[in-house]
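This report describes one protein model for a reader who has not seen it before. Please look over the sequence and the structure before reading on.

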Amino acid sequence: MASWDDVRRIALGLPETSERPSYDAVAAWRVKDKPFVWERPLRGKELEAFGPAAPEGPILGVRVADLGVKEALLADDPGLFFTTPHFDGYPAVLLRLDRIDVTELTELIVEAWYARAPKRLAAAFGAETSRPEG
């Protein structure tokens, strides 16, 4: 299963990515100053809303391309992906980091990077890595 070291290695391996704490001092990875993955512990009201069913362990926030992708991920594996009202209407999902393998994590982080990277940078990286268009 994946760890924060895996997140850091994968994210920082992408062009023009930096690691800088988010506003609440947790780890966040950015491309051209736009966050695409971040540590996202649950907060007070979220913990209350989940009650005893609150996910435990490390939680990663991941930007997705659009709300359709978000809904597909949430429907595909609700044991891995989830959301909170804070993210309603926002193209991002939360995931239980200790329940994902490194291969799937890599795919999600790369796609999150593409969702936030400037078009020229994304196109150049896509051409370099033979990423299919779309």
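Which residue of E6 is the bridge partner of glycine 61? The bridge partner of glycine 61 in E6 is leucine 94.

## Basis of the model

The model is predicted: local features need pLDDT of at least 70, side-chain atom pairs count only at pLDDT 80 or more, and totals for chains, interfaces and linings use all residues. Residues are numbered from 1 along each chain as its sequence is written, and side-chain values use heavy atoms, with hydrogens and water left out.

Helices (H or I, at least four residues) and strands (E, at least two) are DSSP runs, numbered from the N terminus.

## The sheet

The sheet is open and has 6 strands in the order E1-E2-E3-E4-E6-E5, with antiparallel pairing. Two strands count as paired if DSSP finds at least two bridges between them. Strand E1 (17-19) and E5 stand at the edges with a single partner strand each, so one side of each has no neighbour in the sheet.

At the E1 end, 3 bridges join E1 to strand E2 (residues 28-31), and the two run antiparallel. Here glutamate 19 has tryptophan 29 of E2 as its bridge partner. E2 in turn pairs with E3 in the antiparallel sense over 4 bridges, and valine 31 stands opposite lysine 34 in E3. At the other end, E4 and E6 form an antiparallel pair over 5 bridges, while 2 bridges join E5 to E6, also in antiparallel fashion. Leucine 94 in E6 stands opposite phenylalanine 82.

Buried means under 20% relative accessible area, exposed means over 50%, and partly exposed lies in between (1.4 Å probe, protein chains only).

In E6, 5 of the 5 residues are buried, so the strand is largely enclosed by the rest of the structure. Ala92, Leu94 and Arg96 point one way from E6, and Val93 and Leu95 point the other way.

## Helices on the sheet

Helix H3 (residues 67-76) lies across E5 and E6 and runs at about 25° to E6. H4 packs on the sheet and touches E1, E2, strand E3 (34-39), strand E4 (59-63), E5 and E6; the direction of H4 makes about 150° with that of E3. Contact means heavy atoms within 4.5 Å. Axes are lines fitted to C-alpha atoms, for helices over the stretch in contact, and angles run from 0 to 180 degrees between N-to-C directions.

## The pair H1 and H4

Helix H1 (residues 4-12) and helix H4 (residues 102-116) pack at an angle of about 40°, and their axes are 10 Å apart. H1 and H4 are therefore oblique to each other. Angles under 35 degrees count as roughly parallel, over 145 as roughly antiparallel, 65 to 115 as roughly perpendicular and the rest as oblique.

On the H1 side the contact is made by Asp6, Val7, Arg9, Ile10 and Ala11, and on the H4 side by Val102, Leu105, Thr106 and Ile109. These residues divide into 6 nonpolar, 1 polar and 2 charged. Ala, Val, Leu, Ile, Met, Phe, Trp, Tyr, Cys and Pro count as nonpolar, Asp, Glu, Lys and Arg as charged, and the others, Gly among them, as polar.

## Residues in loops

Threonine 84 is in the loop between strand E5 (81-82) and strand E6 (92-96). Its relative accessible area is 3%, so threonine 84 is buried. Leaving aside neighbours within four places in sequence, threonine 84 is in contact with Leu42, Glu46, Phe50 and Leu94.

Alanine 25 lies in the loop between E1 and E2. Alanine 25 has a positive phi of about 65° although it is not a glycine, and it counts as exposed at 64% relative accessibility. Lysine 32 belongs to the hairpin of E2 and E3, which has 2 residues between the strands, and takes a positive phi near 50°. At 49% relative accessibility, lysine 32 counts as partly exposed.
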